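Biologist: Could you take me through this structure slowly, feature by feature, giving the general idea before each case?

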Amino acid sequence: MAQPAATKPSLPARAAPKRRSEAVNGLLMVSPTAIYALLLLAAPLATIFAYSFLTDGYLTVELTPTIGSYVEAWTNEVYRVVMLRSLGVAMAVTLATVVLAFPIAYYVSFYVEPSRKSLWLFLITIPFWTSYLIRVFLWKVILGFNGVVNSGLMGLGIIDEPLTFILYNTNAIVITLAHAYAPFAILPIFVALEKIDRSFLEAGRDLGESSFVTFFRVTLPLAMPGVISAVMIVFIPTIGDYVTPHLVGGPEGKMVANLVQVLYLKLDNYPLGSALAVSSMLLVGLVLVMAAMQLAIFGYVFKRIAGQTPLILAIFTALAAAQALLVVVIALWLVTGSAVLTVALGAALHVVALLALRRKRSAL
Amino acid sequence: MNGGWFRIYAYGFLLFLYAPILLLPIFAFNDGAIVAFPLAGFTTKWFDQLWVEPALHQALKNSLIIAVSASILSTCLGVFAARASTRYNFPLKGGIIGMIMLPLVLPEIILASALLVVLLGIGIPLSIYTVILGHVLVCTPFSIAVLTAAFQSLDKSLEEAAYDLGETPASTFRLIILPLVTPGIISSLLMTFTISLDEFLMAFFLAGTEPTLPVYIFSQFRFPKSVPVVLALGTVLVVASIILLTIAEYFRRRGIAKTGGKDTGGFL
């Protein structure tokens, strides 16, 4: 040890970085990536937010502040319908993907031998990595008027005319997107299931609970973090998908991204395009808030009555309590006809309802 | 304990997942201009046409330049971020890492339109370089996800031992850490390369007059007669990406085994 110190007098200087605080080291280390993200992600996002409040001039953007783009985006029939459709499709895709993914994740986590789990996950992720465009296009080929499903079923003599409910409409979009996002939903749920301590399940059964009750009271609550990340990772990107509505949606299946693309690249109306993009993210955020509140209300009601009533009854009561608010939200939508307004009011209503429930408990 | 119904469901679901990919070669080798059953006989003529499309070759060349650049740049940025997040605690860590990982969940249309506005605003002409900028943004979170797993399984005491033996932070990184995370880096390079090669929307917005392969494919969908050729191209791409991913998976597993970690499986 003495020798290198003697021959290299610069040792104290070289050791100096070690004495710098951990915070400084960490910030220095992350700074190249963080600065890149700041310049090419945060700054552009701030820019479209700013653009959405500017006025559209001919081929230019004028610096006059206005909320005109939002008024247009939220009241014009064309944009209103498209935003509502995008929201509906994203919700349907999320529901379908998560419900379809859960049993797969459950099977791989609970029934597949540990040594073969990696292989299963690899098989599940491969389709995700193969050309997205080609996969979406193949769904058009599969579902189309002369497509594989129709020509196959007609060839076998099962149907006489092509089925029309699966081509060039929102059903086709939902099927295609549910296929595309399946791995995104399976993986987080699988990770959450893997973390569950298997002795909890044995304890549940040892205490005389049926496997259904054990699943509902032990497995499902512990898997919820995975389900929640699956919902986020499917719901947020699907509302802005461009390729699928363009290829399989047909003329009546346009979604927000298609309008944003037209506004940006064809019409050069950056303020309105930006306002639409910001509005769709606002929709996503508010719907997620609403979903979180639904979950919280369900959990709260369920916990209060679980001990005193049979499990099934408790589940249904808690579900009814949470869903009652959705009826109000649907009524709001029917009255206002605006997606953004409805989810904004709905989210506020849910927050108030949950706070009221909580306050009642603390008063008792 | 074989799972009964779950097992049947799981195999059924795999079939659903693979249905498009399985149909792809069937129609790529089908001797008919219309993509439908019944099949019309075997042919390789659609593959032969791939050799005589100059526009396709130019698009492929653009895509390869972009994918190689984007994979190297995003993996470099990924190394910094993954190392910082696994080794150090620093203020605003969650916020900073969250911002970097944001492109993973944000719709690409938002990222693409935002970048387009800014690039045009400051007067940068659209070219393959602007596509590289966008692709690095999209690829970095994936690179970080892969590399975090590699860095996480590193034993901190190896690094401390190197410091005690008189190595500098730089030489420790080069001699101790880098060799241990090399498999993770290779895996990240292959994965980001695949993502960049396949990415469509960013390129569609930012490529200007220099289309990438997916942009070229997208433009061909409008012409029914070029569909079989596109399917042939798709078959080649699918085979290529499966090979790349198998190699990536091999290195990812080897990397985790090398540092003594437990394989939790999956890329994400």
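Biologist: How many residues of chain A are in contact with chain B?

Modeller: Two residues are in contact if their C-beta atoms, placed from the backbone, lie within 7 Å, and here 78 residues of chain A are in contact with 75 residues of chain B. The model is predicted: local features need pLDDT of at least 70 and side-chain atom pairs count only at pLDDT 80 or more, whereas totals for chains, interfaces and linings use all residues. Residues are numbered from 1 along each chain as its sequence is written, while chains are lettered from A and ligands numbered from 1 in the order in which they are written.

Biologist: Which helix gives the most to the side of chain A that touches chain B, and what is that side like by class?

Modeller: Helices (DSSP runs of H or I, at least four residues) are numbered from the N terminus, and helix 3 of chain A, residues 22-51, gives the most to that side, with 21 residues. By class, the side of chain A that touches chain B has 56 nonpolar, 17 polar and five charged residues, where Ala, Val, Leu, Ile, Met, Phe, Trp, Tyr, Cys and Pro count as nonpolar, Asp, Glu, Lys and Arg as charged, and the others, Gly among them, as polar.

Biologist: What is the average pLDDT of chain A, and where does pLDDT stay under 50?

Modeller: pLDDT is the predictor's confidence in each residue, from 0 to 100; chain A averages 82, and 92% of its residues score at least 70. Over residues 1-17 of chain A pLDDT stays under 50, and the model has four contacts beyond four places in sequence for them.

Biologist: How are two packed helices described?

Modeller: They are described by the angle between their axes and the distance between the axes. Axes are lines fitted to C-alpha atoms, for helices over the stretch in contact, and angles run from 0 to 180 degrees between N-to-C directions. Helix 4 (residues 68-75) and helix 14 (residues 270-305) of chain A pack at an angle of about 60°, with their axes 9 Å apart. These helices are therefore oblique to each other, since angles under 35 degrees count as roughly parallel, over 145 as roughly antiparallel, 65 to 115 as roughly perpendicular and the rest as oblique. Among the residues making the contact are Tyr70(A) and Trp74(A) of helix 4 of chain A and Leu272(A) and Leu276(A) of helix 14 of chain A.

Biologist: Is Ile228(A) buried, partly exposed or exposed?

Modeller: A residue is buried if 20 or more other C-beta atoms lie within 10 Å of its own, exposed if 12 or fewer, and partly exposed in between. Ile228(A), found in helix 11 of chain A, is partly exposed because it has 18 other C-beta atoms within 10 Å.

Key: Helices (H or I, at least four residues) and strands (E, at least two) are DSSP runs, numbered from the N terminus.
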